Amino acid sequence: MLQRLLPALDGHAPRQRVVSRSERDCPLHLEIVERDRYTQTLRLTYEFVDEAGVRRQPDLWVRLYRDASVAEALECSQRPPWEAEDDADPAAHAFLSAQWRRNLLLNKWLDYLLDRGHAFDAAPSLQPAPA
């Protein structure tokens with residue numbers, strides 16, 4: 001599903017921040033946070049502006065593993081560090097449980113975004129995000 005949302009994102013995309021506009025949804029903001037040889041970290045969010053400033057919801061960070069063609073939903077720009085002592089380590093179980101929920105959220109949100117007509121490609125609806 002992520003490849004359908006980001007068909008032109010080949011790891012060498014010229015833009016760092018872009019916005020997908022859909023007639024049936026809020027503008028979707030994409031920021032390429034980091035590029036490495038085999039991975040790319042990006043941020044997908046809606047941005048709401050009110051008297052308190054800019055509010056991003058959901059504010060989902062995603063790591064793409066281009067060589068394996070998979071994506072992982074991150075809580076923030078980097079995975080929280082933890083070291084499992086053994087298979088019964090409660091910190092490991094809590095982390096994996098939270099990771100499962102984030103990936104489920106990513107999958108459902110991607111399905112919703114595609115249903116609403118979002119896409120980041122060379123189409124006219126794709127415009128650079130304001131700085």
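Me: Before we start, how is the expected span of a helix worked out, and what counts as a helix or strand here?
Reply: The expected span of a helix is 1.5 Å times one less than its number of residues. Helices (H or I, at least four residues) and strands (E, at least two) are DSSP runs, numbered from the N terminus. This is a predicted model, where local features need pLDDT of at least 70, side-chain atom pairs count only at pLDDT 80 or more, and totals for chains, interfaces and linings use all residues. Residues are numbered from 1 along each chain as its sequence is written, and side-chain values use heavy atoms, leaving out hydrogens and water.

Me: How far apart are the end C-alpha atoms of helix 2?
Reply: Helix 2 covers residues 90–115, which is 26 residues. At 1.5 Å a residue it should span 38 Å, and the model agrees, with the end C-alpha atoms apart by 38 Å.

Me: Which elements do the buried residues of helix 2 pack against?
Reply: Buried means under 20% relative accessible area, exposed over 50%, and partly exposed in between (1.4 Å probe, protein chains only). In helix 2 the buried residues include Phe95, Leu106 and Trp109. With contact meaning heavy atoms within 4.5 Å, they pack against helix 1, strand 2, strand 3, strand 4 and strand 5.

Me: Is Leu60 buried or exposed?
Reply: Leu60 sits in strand 4 and touches residues including Leu44, Leu106 and Trp109, not counting residues up to four places away in sequence. Its relative accessibility is 5%, so Leu60 counts as buried.

Me: Which residue's backbone oxygen lies 2.4 Å from a polar atom of the Ser22 side chain?
Reply: Ser22 is in strand 1 and touches Arg116, Gly117 and His118, not counting residues up to four places away in sequence. A polar contact is a pair of N or O atoms within 3.5 Å; within protein, one must be able to donate a hydrogen and the other to accept it, and residues adjacent in sequence count only if both atoms are side-chain atoms. The backbone nitrogen of Arg24 lies 3.1 Å from a polar atom of that side chain. The backbone oxygen at 2.4 Å belongs to Arg116.

Me: How many residues apart in sequence are the parts tied together by Arg24 and Asp115?
Reply: A salt bridge is a side-chain nitrogen of Lys or Arg within 4 Å of a carboxyl oxygen of Asp or Glu. The side chains of Arg24 and Asp115 form one, at 3.8 Å from N to O. Arg24 lies in the loop between strand 1 and strand 2 and Asp115 in helix 2, so the parts they tie together are apart in sequence by 91 residues.
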